[in-house]
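Reader: I have a model open and want to go through it with you. Can we start with confidence and then move to the packing?

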Amino acid sequence: MDLLLEQKNLQSVTVQAICDRANISRSTFYLHFENKDEVLSSYLLQMIGRVHDALRAWTGSDDTRWTVYFAHIAHIAPILGSLSPDGGPHAILSRYERQFAVIMQDLVMPGRVPTNDTAVGYAAHYLSGGLLALTWWWVEEDRCATPAQEMSRRYHALCSGQLCP
């Protein structure tokens, strides 16, 4: 999917092009997916899972932990830009805000409190919202010009209450 999106925007990618790239028939495609948006959703959820695994495995300092996230976003920024002409990366990433909140809860507060604790859910959504807002700015306004490690430091500063990095 990513190779197709690097060459075209989502609207111009056809089910047949996806089938050709995957070397499958259209009937096989429709056995697994209803439409190309489901393929995109599956692709993005897999990407979120890979980033989550990499963040959990991080052994460096806290202020550079998110470097892996921003490096991955920089890699897929052209793809994010091609997905939605109406809302750009903001519209796409906001569809997955709940998954980011779950990841945030796991990373920031792993096993410390019950998952049904309202304060934990609130904090996780707050932190994931900040991450997504910073990501939108970075992709849309900065065009990923700031290095991923610096973006990680900026996000850490935001989370730790140091609003001016």
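Predicted model: local features only at pLDDT ≥ 70, side-chain atom pairs only at ≥ 80, totals over all residues.

Reader: Which elements have the lowest and the highest mean pLDDT?

Author: Helix α1, residues 2-7, has the lowest at 64. The highest, 95, belongs to helix α3, residues 26-32.

Reader: On to packing. Which residues of the largest nonpolar core touch the most other members?

Author: Those are Trp66, Tyr69, Phe70, Leu131 and Tyr155, in a core of 32 residues. At least two residues each come from α4 (36-56), α5 (67-83), α7 (97-108), α8 (118-140) and α9 (148-159).

Reader: And which helix supplies the largest share of this core?

Author: α8, with 8 residues.

Reader: What does Trp66 touch, leaving out residues up to four places away in sequence?

Author: Leu55, Met104, Leu107, Leu131, Ser152 and Tyr155.

Author: There is also a second, separate core of 6 residues, with Val13, Val15, Ile18 and Cys19 among them.

Reader: Which residues of α2 are buried?

Author: In α2, residues 15-22, the buried ones are Val15, Ala17, Ile18 and Cys19. On spacing, residues three or four places apart in an α-helix point the same way, because there are 3.6 residues a turn.

Reader: What follows α2?

Author: Asn23 does, with a positive phi near 60 degrees.

Reader: Back to cysteines. How many disulfides does the structure hold?

Author: The count is 0.

Reader: Cys19 and Cys144, then: buried or exposed?

Author: Cys19 is buried, because its relative accessible area is 0%, and the cut-off for buried is under 20%. Cys144 has a relative accessible area of 18%, so Cys144 is buried as well.

Reader: New topic, voids. How many cavities of 30 Å³ or more turn up in the whole structure?

Author: The search finds 2. The largest cavity holds about 80 Å³ of space.

Reader: Which residues line the largest cavity?

Author: The lining consists of Met47, Ile48, Val51, His52, Leu55, Trp66, Tyr69, Ile73, Phe100, Ile103, Met104 and Leu131.

Technical notes: Residues numbered from 1 in each chain as written. Heavy atoms only, no water. Core = buried A, V, L, I, M, F, W, Y, C linked by side-chain atoms within 4.5 Å. Buried < 20%, exposed > 50% of the residue type's maximum accessible area, 1.4 Å probe, protein only. Helix = DSSP H or I, 4+ residues; strand = E, 2+ residues; numbered from the N terminus. Contact = heavy atoms within 4.5 Å. pLDDT = per-residue confidence, 0-100. Disulfide = S-S within 2.5 Å. 1 Å grid on protein atoms, 1.4 Å probe; cavity = no way out; pocket = protein on both sides within 12 Å on 5 of 7 lines; lining within 4 Å. Points joined across faces, edges and corners; volume = space filled by probe spheres on them.
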